[in-house]
Amino acid sequence: MSSQSARTAEPIVAPRRQPRRLLVALACLLIVMLGASMRLSGSDWDRGSNLHPDERHLMFVITDTMRDWQALPPDGMSPYSLWFATGKSPLDPRRNGQIYVYGEFPHLVTALVARLTGTDGWPPILRLGRTLGAIVDAYTILAVFLLSMQVLRSGGAALAAAAFYAFCPLALQLSNFFAVDIWLTGAAAWCTLAATIGLGARTRRAALAWFVLAGALAGLALACKLPGVLLGGVVGGAALLRFWRDGRERSMKWLVLCAVSSLAAAMLALRLAAPFTFLGPGFFGFDITPAVIAGYVEMSRLVLDFGFPPNWQWMTGYGPLNALVDMAVWGLGPIIGLALVLGAFVVARRRALWAAAAPLLVLIVPFSAYWLAGAAPALRYAAPILPALCVLAAGGALVTPRGVSLLAGIGAFVWGTGMVGLHGGLHSRIAASEWMWQNLPAGTVVANESSWDDGLPSAVRVNARGDLLYGDVGGHFTSVALAIDLPDNAEKAHTIATRLAGADVLAISSERMRKPILALGSRFPMTTRYYRMLESGELCFALIYQNKPGYTVLGQRFDDSWAQEPWSIYDHPQVEIYRKLDCYDAGKVEEALLQALPKGS
């Protein structure tokens, strides 16, 4: 073939590639927009009742911040002091001795946006915090697409990865919680992308620039949540691999410059995005604030406290294998879970992909260890590896027909609609609370289980004006706590029996108490006996209302009550309400409970 004919062939090839790239870009945009819509549609999943326990702490902190910030006179504090005056600035989440062990960056962004938009009041700020998280996670879908292009070098596979993350149930769930996990996930995805690009950059100068950006993003991740520090391994590992791949052209000077520059960028990002982590005064005070250390010490103490009720779920034999099953079935969903097995196998078999996939491995291994080896292997701790898992899951698209990949994406979408339905529908506690207002008379005394769980009725909008009403408004409901969480003893038996005697109905607003207590029967023999009496009817309380939402896909309900608490309780708990019958006898109940106590108790 002559050189002339070769030149004339070039214009024929280029137009074929260009439309395909355009189609891939448009498909990516469609996936991002669909994923964003699925996230934004659920930002008010509990209708302002604030039923997520971690959100409440963040809300107390940010509402205090907004109140104190608005109380400042116009000339009360300069912008510089507002940002760097640790302990004095209203933006400091730990001022006045407040414990705060979350990242400062999401808090600061939410506070600034609330101030700029004039958002005020508990429900509006709560919705704003959730909306910002949904937006951050929508951009993470784009990061997953771009990361897949770098690793898998296939537009079809990249679209599959973006779709998997867009429709991933755990990502959808966390994007609707005003918490910091989804922010860390976004920063981790973009940091890994920058490190991967740096690894494959054509010149050392370009690689250096990308590693500096990756370092800054690692610092931003640390400003979102403490485990973000693990991203230092992603940046450092990619830089070392790049240094090794340079072969004879390796430059130790470049490696040192890369390490110093990336670390400096990380520290600068952390200093600016988490200013109150440092004592100051001013920008150049880099000593860690004692309140930061004290907060993490206190949190470590609580995590290791076996008497702390939120820890009970992890003491029932729930281990790493259980967490992996929950991730496969619910966190990722069965379609993405199966695709991950195939995709990981494909990537492992293709040596040409190993180098580009190395940052994914360096991301997955330490974060998985942090998740599975900890005392509380909650699914949200694995959130930063979700983008990497979706990239690996898309590896199967390299060896399967396009139709199969399309069906996998559709299947993932269908399974993801289960979470959209949960967050777009009526929360089970809200439904139960509305039922109580409609069916129980004024003056009803409700026995709730414990102060460690949200009792019923929740705050709901039941009047004509749509006000958010709590159960004690106008004395319509009176709540008494059975103190189910206290250690089993004679005093607890008396408390349960007498408070049930004074109650009209008994509410179990979730399995947060019953499920771990029954699994820890040797520790709670008396409370186990109480639950058995309730179930058999011996307690003389009859079931009058039940709501078991489960995870519903295309009208088919899947029972997920066996999954870990953070998945199954916060946004779709099982709810039961019992009415006291005339046969209830407090003396007999107390005697039966006392008989369940071990001798000498």
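In the predicted model, Cys-258 is buried, with a relative accessible area of 2%. The sulfur of Cys-258 lies 12 Å from the closest cysteine sulfur, that of Cys-191, and this separation is too far for a bond. Cys-28 is likewise in no disulfide, the nearest cysteine sulfur, in Cys-390, being 14 Å away. Cys-28 is buried, at a relative accessible area of 6%.

One disulfide is present in the structure. It joins Cys-540 to Cys-583, with an S to S distance of 2.0 Å. The two cysteines are 43 residues apart and link distant parts of the chain: Cys-540 belongs to the loop between helix H21 (525-536) and strand E6 (541-547), and Cys-583 to the loop between strand E9 (575-580) and helix H23 (586-596). The link is left-handed, with -125° about the S-S bond. Of the two partners, Cys-540 is buried, with a relative accessible area of 10%, whereas Cys-583 is partly exposed, at 47%.

Helix H2 comprises 19 residues (53-71) and spans 28 Å from its first C-alpha to its last, close to the 27 Å expected at 1.5 Å a residue. Buried residues in H2 include Asp-54, Glu-55, Leu-58, Ile-62, Met-66 and Trp-69. Against these buried residues of H2 pack helix H3 (79-84), helix H4 (104-117) and helix H5 (122-152). Trp-69, one of the buried residues of H2, also has the charged end of Arg-115 over its ring, 4.5 Å from the ring centre.

Across the whole structure, 26 aromatic pairs were found. One of them, formed by Phe-167 and Phe-413, is edge-to-face, with 5.2 Å centre to centre and 70° between the planes. Phe-167 lies in the loop between helix H6 (155-166) and helix H7 (169-175), and Phe-413 in helix H17 (residues 402-424), so the pair ties together parts that are 246 residues apart in sequence. Phe-167 is buried, with a relative accessible area of 6%, while Phe-413 counts as partly exposed at 29% relative accessibility. Trp-314 and Tyr-318 form another edge-to-face pair, at 5.4 Å centre to centre and with 70° between the planes. Both of these residues are buried: Trp-314 has 13% relative accessibility and Tyr-318 has 14%.

An aromatic cluster is formed by Tyr-80, Phe-84, Phe-278, Phe-283, Phe-284 and Phe-286. Within this group, Phe-286 has the charged end of Arg-271 over its ring, 5.6 Å from the ring centre.

Key: Residues are numbered from 1 along each chain as its sequence is written. This is a predicted model: local features need pLDDT of at least 70, side-chain atom pairs count only at pLDDT 80 or more; totals for chains, interfaces and linings use all residues. Side-chain values use heavy atoms; hydrogens and water are left out. A disulfide is a pair of cysteine sulfur atoms within 2.5 Å. Helices (H or I, at least four residues) and strands (E, at least two) are DSSP runs, numbered from the N terminus. Buried means under 20% relative accessible area, exposed over 50%, partly exposed in between (1.4 Å probe, protein chains only). The expected span of a helix is 1.5 Å times one less than its number of residues. Contact means heavy atoms within 4.5 Å. Rings of Phe, Tyr and Trp (its six-membered ring) pair if their centres lie within 6.5 Å; planes under 30 degrees apart count as stacked, over 60 as edge-to-face and the rest as tilted. A charge sits over a ring if NZ of Lys or CZ of Arg is within 6 Å of the ring centre and within 35 degrees of the ring normal.
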